[in-house]
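Morning, everyone. Please have a look at the structure before I start.

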Amino acid sequence: MNNLRHTLIPAVMALSSCAILMAQAPAAPKGGPGGAKAAPRPVLSVSSTAWPDGGEVPIQHAGRGGNKSPEFEFHWSLGTSPTSAPESLQTYAVIFHDIENSTNRTTTDTLHWSAFNIPGTAKGLPEGLGAGDLADGTRNGPGINGRGGNPSSYFGPGAGPGPFHHYVFEFYALDTKLDLPATTTREDLIKAMDGHVIGKAAYVGRFHAVQ
């Protein structure tokens, strides 16, 4: 019996030591095969000289004013360092909507403008983007100005006097070109982009008409 005790006690102590060491060991990194950490991916962001992100939209870019689309610049970065766009980038798309409105008492807000098939080589969007299909392949999509058979084009903020409405430009970087007509719906545009988004950014503006 004593021999059995002398054999079991060291074995139990050895197993306990192993368990403590395993509990204290750092966890294996997650991500790639064999626990390798996934490489960081480039991140899309946008900037504009038209107004600061979250600021008030100037009247020249409002539907009640000059109704010119603002200029934007596209940026790609790794952390705080600028980098090149991903090799898989094919096109950009933009969806511009008033998130304050409720259409027909539903959760759907007001889509002001959209455009897609903006070339992946583009460094941004110029001020006053033209209507319809553009020479570089950019196609103006669903929005307020695309109704009634008119060629689609930008339509700026139009909130009346009162509290500010918040308007969001959502930019998508895609690994594909979209085979959609200009008369497509917002729902079909989003569905076509699904599974192809390799970067996304947003830019916000506030607007209300002067009393």
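A word on the model: it is predicted, local features need pLDDT of at least 70, side-chain atom pairs count only at pLDDT 80 or more, and totals for chains, interfaces and linings use all residues. Residues are numbered from 1 along each chain as its sequence is written, and side-chain values use heavy atoms, with hydrogens and water left out.

Cores. A nonpolar core is a set of buried Ala, Val, Leu, Ile, Met, Phe, Trp, Tyr and Cys residues joined through side-chain atoms within 4.5 Å. Buried means under 20% relative accessible area, exposed over 50%, partly exposed in between, with a 1.4 Å probe and protein chains only.

The largest nonpolar core has 28 residues. Those touching the most other members are Leu44, Phe74, Tyr92, Val94, Trp113, Phe169 and Phe171. Two or more residues each come from β1 (43-47), β2 (72-78), β4, β5, β8 (165-174) and β9 (197-207). Strands here are DSSP runs (E, at least two residues), numbered from the N terminus. β8 gives the most, four residues.

There is also a second, separate core of ten residues, including Leu111, Phe116, Tyr172 and Leu174.

Now the backbone. Most residues other than glycine have a negative phi. Asparagine 104 has a positive phi of about 55°. Asparagine 117 is also positive, near 60°.

Where do they sit, buried or exposed? Asparagine 104 is in the loop between β4 (91-98) and β5 (110-119), and is exposed at 69% relative accessibility. Asparagine 117 lies in strand β5, and is buried, with a relative accessible area of 7%.
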